[in-house]
There are 2 protein chains.
Amino acid sequence: MEKKTKRNKYATLNDVAKLADTSIATVSYILNGSTKRYVTAELRERVLEAVKELNYMKSAVASSLKGKDRGILAVLVPQFDNPFFTKIIVAIEEVVHRYGYFISISTTVDDIGKEKEIIDKMIGQRVDGFIISPTIQGTENTDHLRRLGIPYVITERPLSGIAQYDFVGCDNWGCGYTATKHLIENGHKKIGFIGWNTLTNVGERENGYYAAMEECGLQVKKDWIELGSLDTVSGYQMMQHMLKTDVSAIVLGSHILAEGGIQLLREENISIPNDISTVIIGTPNWTRLSVPTFTCVHQLEHKIGTMAAEILMKNILNTEEDLSWHHEKLACELIIGESVKKMN
Amino acid sequence: MEKKTKRNKYATLNDVAKLADTSIATVSYILNGSTKRYVTAELRERVLEAVKELNYMKSAVASSLKGKDRGILAVLVPQFDNPFFTKIIVAIEEVVHRYGYFISISTTVDDIGKEKEIIDKMIGQRVDGFIISPTIQGTENTDHLRRLGIPYVITERPLSGIAQYDFVGCDNWGCGYTATKHLIENGHKKIGFIGWNTLTNVGERENGYYAAMEECGLQVKKDWIELGSLDTVSGYQMMQHMLKTDVSAIVLGSHILAEGGIQLLREENISIPNDISTVIIGTPNWTRLSVPTFTCVHQLEHKIGTMAAEILMKNILNTEEDLSWHHEKLACELIIGESVKKMN
DNA sequence: ATTGCTCAGGGAAACGTTTACATATTTTTA
DNA sequence: TAAAAATATGTAAACGTTTCCCTGAGCAAT
């Protein structure tokens, strides 16, 4: 049976009007349920039947040419097979769906060129707004949005050097601080930090670590800090270096790095928490399922997504009560697992 | 600093034409790089400058009214915080981005009503095609697409009772068969199966299990089969029942059920693989990171996404050599971990 | 001197909606 | 009973593109 290749034409208002023997204006009013128009039940019936008969489906493309909102939001993330972003997106979708909008997700793979490409294409589509976890190579792309007056909300990664924009992310400083403090409270004094060095928000995690150490009067040795790139291989390598030091506990600055690092620990038969304690920043599923379960600092991804979407929708629909810029940093939560040994 | 609420107007072809002191036709030809038009370098320059000056960004909305492709594909999945679908989507995005298209992802939460709602909205947007992992409550929604002549490709969950459509999924029968066969080859004879009962594709997994058992002359006891709903809670409960039986090994029909089931095993301090062996269908990350690592049947999600996207794009662009319907069932791969004990 | 090219560019009609405005028939109200 | 209001519908002008069809000028070959 061969595949049909011809594409059917969509029925138009005109087709419907002809079949129902009326005018397109009447059809349009009926279909939009407008109250500005009196229509006899009989005619309404005829029109509705014609619609069904012809499989008429209104073209949002044509409507939005007439100034109607598109009903589309663009969401840009670095990657979306990253549970952190996936969870944010799930929340965004829940919210915007309630508003009758939908989202178009694209991944920038942390490349400012691709980011620009995507943003331009989305502007071309006249999307109503953007939710962006921006790349860190610059702010030109969001500058462009601001110039054009297109509403946008930034998530997770703050823009540097710019004050006037809406932001929702987690308190990365707090993440680092909480993780470190927890280890200290369990009697650890020699604590390592594995992170990466390209993002300002992770720099914050590192600063939180330093703050906790300092607050407790603990000196930080240089080789307790490892910064690499954000992938499992790098996590693996940083853990190799870390094992040559004298730390008794490690803050794993990201779940991706944690995956690599823990892989190494397993290969070397190093026991968690007996040989080394860890706290992971981030809470992917596997931290609950593995043996041992992991102590993690949980970021409220769902709430980030929800808030970002609400702010954007209100901005678009102009229903915002509060006209100042949002700058929300959501607190993190410590989730106790079995990966931290109590020292005495 | 208060938030600006006024939305800037986009510059139009007309604006550009006026500023460059020419006609919109000329501008359009220049911007589209058409060869059907002779234009002096000087005028071209003027136009390009006006474009920059005005921040002109062509409206894909208006173009597509004139019959141009939208450049949008709709992707529908039951959920996307499910690594199985996430991976498919990542692959789809890679492919369509190469074609200069982009995707709009929505989740149906396995509800045929919401599925219809989304499909209608997407048709309204005049998307060029669909990639759908359909709900199982019926085929009306895809029937509708077929009636309208809109290209679509089905992934993972075959439509029942319909022959003429493009399909890409994995060989679920093979998944069940491979998992079971592996356990048998390791000397297990009393093997349980935990699955769920609402999807035809999972029924296939169960059938593969039966086939392997039968092939090896092994009788299946009724209480070795547990079917529930697709969530961790159900997985947990089914494992409870399973533990009351005499099985030495279990095929976990989905990674979601596996999460619940393994949770219980951990709580009860039942050792894998010493007390019980497991093979999981599906390969989320944690199966490699936990202790022990898990033996899994790997489904080629990335390839599913790639093929589905290629088929759809070729269909849309009419570059298809082969006009018969695709019906691809990708073979699975056994990945050996430490969760199966060798019996003798 | 008339054709017939190649260049260079403008005019205007679609595409499928929305909506302001106009028209015509009833019904109500003063 | 005439004017005003309510009811019921049609016409046509946008919206921002694309593209077909013109108009002219300059030049070479009849």
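**The interface of chain A and chain B**

Across the interface of chain A and chain B, 17 residue pairs are in polar contact, both partners at pLDDT 80 or more; a polar contact is a pair of N or O atoms within 3.5 Å, where within protein one must be able to donate a hydrogen and the other to accept it, and residues adjacent in sequence count only if both atoms are side-chain atoms. This is a predicted model, in which local features need pLDDT of at least 70 and side-chain atom pairs count only at pLDDT 80 or more, while totals for chains, interfaces and linings use all residues. Residues are numbered from 1 along each chain as its sequence is written, chains are lettered from A in the order in which they are written, and side-chain values use heavy atoms, with hydrogens and water left out.

On the side of chain A that touches chain B, helix 6 of chain A gives the largest share, 8 residues; helices here are DSSP runs of H or I with at least four residues, numbered from the N terminus. That side divides into 31 nonpolar, 24 polar and 22 charged residues.

In contact terms (heavy atoms within 4.5 Å), 77 residues of chain A meet 75 residues of chain B. The buried area, meaning the accessible area (1.4 Å probe) that two parts lose on being put together, summed over both, is about 7,000 Å², and carbon and sulfur atoms give 55% of it.

Finally, there are 2 salt bridges between the chains, each a side-chain nitrogen of Lys or Arg within 4 Å of a carboxyl oxygen of Asp or Glu. One of them joins Glu338(A) to Arg266(B), with the closest N and O atoms 3.4 Å apart.

Technical notes. Helices (H or I, at least four residues) and strands (E, at least two) are DSSP runs, numbered from the N terminus. Ala, Val, Leu, Ile, Met, Phe, Trp, Tyr, Cys and Pro count as nonpolar, Asp, Glu, Lys and Arg as charged, and the others, Gly among them, as polar.
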